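This report covers a helix pair and a chain-chain interface. The structure comes first.

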Protein chains: 2
Amino acid sequence: MMSAGNAAYAEFALATAREAGAAILPHFRVPIAVDDKGGARGYDPVTAADRGAEDVIRKAIMREWPGHGIEGEERGVETGTAPLTWVIDPIDGTRSFILGQLHWATLIALNDGTRPVVGVVHQPYVEESFVACDGASEWRRHDQRRRLATRRCARVEDAIVATTDPRHFVSARQMHAWRAATDGTRLVRYGGDCYCYTQVAMGLTDIVIETGLQPYDVQALIPLIEYAGGVMTNWEGGSCQRGGDVLACGDPALHAEILRRIALR
Amino acid sequence: MMSAGNAAYAEFALATAREAGAAILPHFRVPIAVDDKGGARGYDPVTAADRGAEDVIRKAIMREWPGHGIEGEERGVETGTAPLTWVIDPIDGTRSFILGQLHWATLIALNDGTRPVVGVVHQPYVEESFVACDGASEWRRHDQRRRLATRRCARVEDAIVATTDPRHFVSARQMHAWRAATDGTRLVRYGGDCYCYTQVAMGLTDIVIETGLQPYDVQALIPLIEYAGGVMTNWEGGSCQRGGDVLACGDPALHAEILRRIALR
């Protein structure tokens, strides 16, 4: 459908993510009293940042692409007249944000009605961005740009695994998948949120396994991984664009192997 | 001993950490083939960065303070003629570095022969620094500076906990301490390395518990936490400057309560 190229959408998404960053940063690392939640002042930095950023993004979309749909974390779904829908997470990694850590970002995806075809990850504090469109994934910072490619890593024993939190794997099914994706690997690292995925695209992480995700958690990341040469699906190998269980690998052969292990029950 | 003030040492440490950053950054996020470890090229980015940075720091210390001792991760201990010793970790958070994530930094401490009195944490990619000396802890970035203060949080149920990796708690004693520091808390977050501690100093994390640390992992962090109003000790409440088991809290009352829970066996 959009064979003419999605670069204009990607540049819009990046500019908009930057605008959102300006709404987020005043709330980053603002210390508040621990008993202030919903108190007199009722100021909760991450909620303020999340809502402020989503409002900025929604306003920009409605201004530039009034016919497009919008699906966001904070303010739900708005159906458009075009088949195109923007899927947005103003702050992915809210816990990292709450602690003043660095593994969080604004995610903006464009879905063409069948799948996400543009993905932008923007970390406004670090001032770095990951941009995927038209079959290419790119890292950008200030005036620097680099084309991204995943790493070849077919063997499980060579693989570096990242996940946000192993406590998310609770059911027998989830625990089985967790073991299938981590047993015998070289290194398993916790705490990455969207940075788990950006680093697969950069060729520095081989496997990301997660569960319980939302569409807005994953849609910007799917083109980023795929256009860098990786594969990102659910645990059955189907599309993960509606969230849920996710397996992302830099090497398609490794992805196939982990799917095989997950299927062996 | 150094009542005249340590600001000159702190500024030296920060300038030196920045020099080290210039040696580190060319190795950050360099994708290498997974089977290249010790291969023909034998290039391992984190080892190259770690050693290059430590050499830069050692050279600067020997030039500026030739009588001082040096204790570093990569190249061991060099005893000085002065009672002063620099304790350095060129890259704290090497796993985060390997994955191309952001929670790593250069740590430089100055120990006066009894305890660390200067601490610098510098993340060269993010270009932010945390500087502790003369009873004050500060965050710096570009031309911005902010005096840091920990958060009052006396109640365990309000506390946010950070640790690098829960799998480090293996023995019965370690598991007991882990539960004592995390049970009933508001939120436990994994994956922070030195950022766990910087965020206590910033007033955004209340408890850090870790085990198996080295002196160079902790000495820069002790003055950072203490001068911001927090407490950082081993699990018996004694000095943790030789590493080992560490408990850091923003609120001294919370620290006392967690020590009490750890002691209840």
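In α1(A), Phe12(A), Thr16(A), Glu19(A), Ala20(A), Ala23(A) and Ile24(A) meet residues of α2(A), among them Ala49(A), Gly52(A), Val56(A), Ile57(A) and Arg63(A), where contact means heavy atoms within 4.5 Å. By class, this contact has ten nonpolar, two polar and three charged residues. The axes of α1 (residues 7-24) and α2 (residues 45-64) of chain A come within 8 Å and cross at roughly 145°; axes are lines fitted to C-alpha atoms over the stretch in contact, with angles from 0 to 180 degrees between N-to-C directions. Helices are DSSP runs (H or I, at least four residues).

The model is predicted: local features need pLDDT of at least 70, side-chain atom pairs count only at pLDDT 80 or more, and totals for chains, interfaces and linings use all residues. Residues are numbered from 1 along each chain as written, chains are lettered from A in the order written, and side-chain values use heavy atoms, without hydrogens and water.

Chain A is superposed on chain B by a rotation of 180° with 0.0 Å of shift along the axis, fitted by least squares on C-alpha atoms of residues with pLDDT of at least 70 in both copies. The copies are thus related as by a two-fold rotation axis.

| Interface item | Value |
|---|---|
| Residues from chain A | 49 residues |
| Residues from chain B | 49 residues |
| Area buried between chain A and chain B | about 4200 Å² |
| Salt bridges between chain A and chain B | four salt bridges |

Buried area is the accessible area (1.4 Å probe) lost on being put together, summed over both parts. A salt bridge is a side-chain nitrogen of Lys or Arg within 4 Å of a carboxyl oxygen of Asp or Glu; Arg189(A) forms one with Asp193(B) (2.5 Å, N to O).

Definitions and conventions: Helix = DSSP H or I, 4+ residues; strand = E, 2+ residues; numbered from the N terminus. Nonpolar A, V, L, I, M, F, W, Y, C, P; charged D, E, K, R; others polar. Buried area = accessible area lost by both parts, 1.4 Å probe.
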